[in-house]
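My notes are below, in the order I looked things up.

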Amino acid sequence: MVRFTPEELEAARDRVVPDVVAEGLHVLFCGINPGLMTAATGHHFARPGNRFWPALHRSGFTPRLLKPSEQQELLSYGLGITNVVGRASARADELSAEEYREGGRLLTAKVERLRPRWLAVVGVTAYRAAFDDRKARVGPQARTIGDTRVWVLPNPSGLNAHWTIETMAEEFARLREAAEG
């Protein structure tokens with residue numbers, strides 16, 4: 001595992017993490033925003049302890065557990081990754097309400113352009129803030145963006161103690177089954 005000094009991580013705040021996207025994906029996963037480890041490495045969900053990659057594999061989306069550095073392989077499975085907010089931060093609570101709203105507008109435009117079957121927002125709080133939907137819950141949403149259906153997944157951060165890796169993988173699997181149907 002690559003180790004970074006606190007200074008190197010702090011400098012990563014200015015880096016842009018490229019999306020892993022293509023037109024017509026089965027599922028476009030959308031994180032809240034890049035963490036500092038993600039920004040430092042250029043790989044989504046790169047912080048050790050983040051459960052995105054294990055949940056993706058355990059749910060059957062990928063045939064093996066991918067490393068963050070293998071994120072481009074997602075495209076071969078019809079999957080992609082983007083973020084609500086592009087700015088890197090140490091914690092999601094550093095983001096402003098306006099950043100979330102603007103991120104929701106930009107994400108909507110991206111989804112309209114790329115036309116994935118499903119948009120999966122990873123984190124109900126981010127979804128609520130980005131789309132001004134205070135009553136949203138984890139699971140499929142009534143909202144669509146063009147023909148794209150929307151699903152809210154639990155936040156895979158290790159800080160989210162409400163969801164275990166098992167229950168998270170079950171919710172990811174529900175999305176996978178819907179995306180295959």
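**Entry 1: overall make-up.** First reminder to myself: this is a predicted model. I counted the secondary structure and got six helices and five strands. Reading along the sequence, I wrote the pattern down as α-β-α-α-β-α-β-α-β-β-α.

**Entry 2: size.** I looked up the box filled by the C-alpha atoms along the principal axes, and it comes to roughly 45 × 35 × 30 Å. Then I checked the radius of gyration, which is 15 Å; a compact globule of 181 residues would have a value near 16 Å, so the two agree.

Entry 3: Of the 181 residues, 47% count as buried. I also looked at contacts with a separation of 6 or more, and 69% of these are between residues 24 or more positions apart.

**Entry 4: strand β1.** How many of the residues of β1 (residues 27-31) are buried? I found five of the five, so the strand is largely enclosed by the rest of the structure. For that call I used under 20% relative accessible area as buried. Next I checked which way the side chains go. In a regular strand they alternate between the two faces of the sheet. Here Val 27, Phe 29 and Gly 31 point one way, while Leu 28 and Cys 30 point the other way. Both sets are buried.

**Entry 5: what β1 pairs with.** Which strands sit beside β1? One is β2 (residues 79-83), running parallel to β1 and joined to it by five bridges. Across that pairing, Phe 29 has Ile 81 in β2 as its bridge partner. Another is β3 (residues 118-122), also paired in the parallel sense, over four bridges. On that side I noted Cys 30 with Val 121 of β3 as its bridge partner.

**Entry 6: the hairpin.** I then moved on to β4 (residues 139-145) and β5 (residues 148-153), which pair in the antiparallel sense over four bridges. Together β4 and β5 make a hairpin, with two residues between them. I picked out Pro 140, which stands opposite Trp 151 in β5. In the turn, Gly 146 has a positive phi of about 65 degrees.

Definitions and conventions. Residues numbered from 1 in each chain as written. Predicted model: local features only at pLDDT ≥ 70, side-chain atom pairs only at ≥ 80, totals over all residues. Heavy atoms only, no water. Pairing = 2+ DSSP bridges. Rg over C-alpha atoms; globule rule 2.2 N^0.38 Å. Buried < 20%, exposed > 50% of the residue type's maximum accessible area, 1.4 Å probe, protein only. Contact = heavy atoms within 4.5 Å.
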